[in-house]
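Subject: Structure handover

Hello,

Please find the structure below, followed by some notes that you can read alongside it.

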Amino acid sequence: MQSNVQFSSGEFVPLEMHKVRVVQKLNLLPVEERLKAIEGAGFNTFLLQNRDVFLDMLTDSGTNAMSDQQVASMAVADDAYAGSASYSRLYEAIVEVFGTEYFLPVHQGRAAEHIISQVFVGKDGVVPMNFHFTTTKAHIELAGGRIAELFTDEALKIKSDFPFKGNMDIAKVEALIAARGKENVPYIRMEAGTNLIGGQPFSIANMREVRRVCDKYGLLLVLDISLLNENVYFIKMREKEFQDADIKTIVRTMCDLADIIYFSARKISCSRGGGIATKSRELYLKMRELVPLFEGFLTYGGMSVREIEAMAVGLRESLDMDMISQSPMFIKYLVDNLDAAGVPVVTPAGGLGAHLDAKAFLSHVPQLDYPAGALGAALFIVSGIRGMERGTISMDRDEDGHDVPSEVELLRLAMPRRVFTLSQVKYVEDRVKWLYQNRELIGGLEFYDEPKVLRFFVGRLQPKSDWPQKLVARFRRDFPAGR
Ligand SMILES: *Cc1c(COP(=O)(O)O)cnc(C)c1O
């Protein structure tokens with residue numbers, strides 16, 4: 001693959017197409033203090049204090065860098081309960097970018113899921129989807145329904161060169177409708193830039209087939225566009241029909257295929273907030289009454305006017321290839337270099353972050369000793385980098401109190417948009433490679449304080465041996481004076 005700007009060496013170098021004019025100082029604690037910090041956090045990266053973290057790769061939600069235009073727009077926001085000019089500017093941006101006439105603002109992505117689920121998912125409703133997202137599943141179940149993940153055989157393969165792991169398996173969709181009856185399928189949901197399988201895209205060709213199935217049975221197609229930018233970027237890079245298309249054409253092609261689109265603006269527009277958009281007045285009216293009930297009046301939906309202004313500008317900026325390519329190119333740089341060094345990592349590189357395969361990385365740590373959690377703690381100790389466990393700790397116990405081994409055991413290193421420099425990414429690469437060479441030192445974890453629900457957020461663990469001390473000693477041997 002070529003860089004966005006060609007280098008005479010032919011080397012792949014993702015060049016930043018922005019400059020940094022506001023900076024935030026980072027702390028890189030000595031390794032001994034990093035060990036104390038992760039002990040204090042119960043070996044759970046969610047419980048670390050940000051001041052102890054060097055590179056925060058926990059999530060891309062609400063942590064992206066705003067542009068100067070976004071920051072400037074927040075200074076001219078128009079505060080009003082009803083009819084604010086800020087809202088009018090957001091509405092114009094929505095129509096311009098997505099081509100949808102009707103819009104409902106909400107306070108963040110999950111609020112959109114709440115409203116859509118309450119309106120459309122009845123008791124016994126089954127929602128087919130390419131893959132679930134945590135809050136999506138919770139809201140569909142809260143409304144009395146269930147989800148059915150109908151992904152292709154490629155989706156969960158760690159090592160793959162399949163370009164569209166986010167595709168739906170059309171035969172499985174047809175089979176589900178036949179088995180359940182179309183009256184029990186409230187809608188089909190597709191998620192752009194499929195989050196939990198590593199930010200992997202679907203193709204327009206696949207979405208067209210899903211649309212065909214929807215038309216055949218009279219079903220709605222709901223599109224989660226929280227990670228739209230990355231999916232659009234991959235379509236341009238990987239789907240031949242669109243290699244010369246401009247970004248707006250691809251965005252419109254996707255949105256035109258859906259009946260309802262919704263998003264988390266914490267991701268898609270580097271701001272805060274969220275929204276639901278549709279071309280159908282009938283669908284809009286069905287959802288509208290829940291917005292004042294749960295979110296706020298129809299011209300703010302629980303958001304501040306400053307967020308609304310930044311969202312409007314951020315959505316327009318997301319039509320710029322230089323903007324949307326930055327994060328996937330950095331991820332590709334990191335993933336390809338780790339892969340070439342033999343470090344087990346999910347391939348092909350996706351759009352959200354790099355995902356280390358902890359099962360292979362720590363093949364000597366049994367899955368019920370939480371390898372992905374242990375890898376996250378170990379990486380923090382040797383680097384100050386904060387990742388997120390996406391494995392067995394993220395699964396809650398079953399009704400009998402048994403651990404449920406996760407299908408995949410990943411450590412996610414999210415790449416917030418435009419936040420890091422390439423030398424910081426090189427630092428991540430260096431420390432992960434060093435840790436891989438010293439992986440035999442890393443041992444397992446066990447809970448000593450375990451909540452029943454969503455234990456990964458606030459649960460506390462301890463190492464099953466003195467492996468963290470051994471890791472610190474090895475680090476000091478190799479980096480005698482360094483941090
Ligand atoms: C983050 C996310 C959501 C939820 O959005 P929030 O703003 O965090 O509530 C929903 N769907 C996808 C695909 C996401 O990535």
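Which residues of helix α6 (residues 170-180) are buried? They are I170, V173, E174, L176 and I177, where buried means under 20% relative accessible area, exposed over 50% and partly exposed in between, with a 1.4 Å probe and protein chains only; helices (H or I, at least four residues) and strands (E, at least two) are DSSP runs, numbered from the N terminus. Seen down the axis of α6, these buried residues fall within an arc of 160°, so they line one face of the helix, the arc being that of the directions from the helix axis to the C-beta atoms. On the other side of α6, A171, A178 and A179 are exposed.

Please keep in mind that this is a predicted model, in which local features need pLDDT of at least 70 and side-chain atom pairs count only at pLDDT 80 or more, while totals for chains, interfaces and linings use all residues. Residues are numbered from 1 along each chain as its sequence is written, and side-chain values use heavy atoms, with hydrogens and water left out.

Turning to the aromatic rings, those of Phe, Tyr and Trp (its six-membered ring) pair if their centres lie within 6.5 Å, and planes under 30 degrees apart count as stacked, over 60 as edge-to-face and the rest as tilted. By this rule there are 19 aromatic pairs. F43 and W467 form an edge-to-face pair, 6.3 Å centre to centre with 65° between the planes, and both residues are buried.

Best wishes
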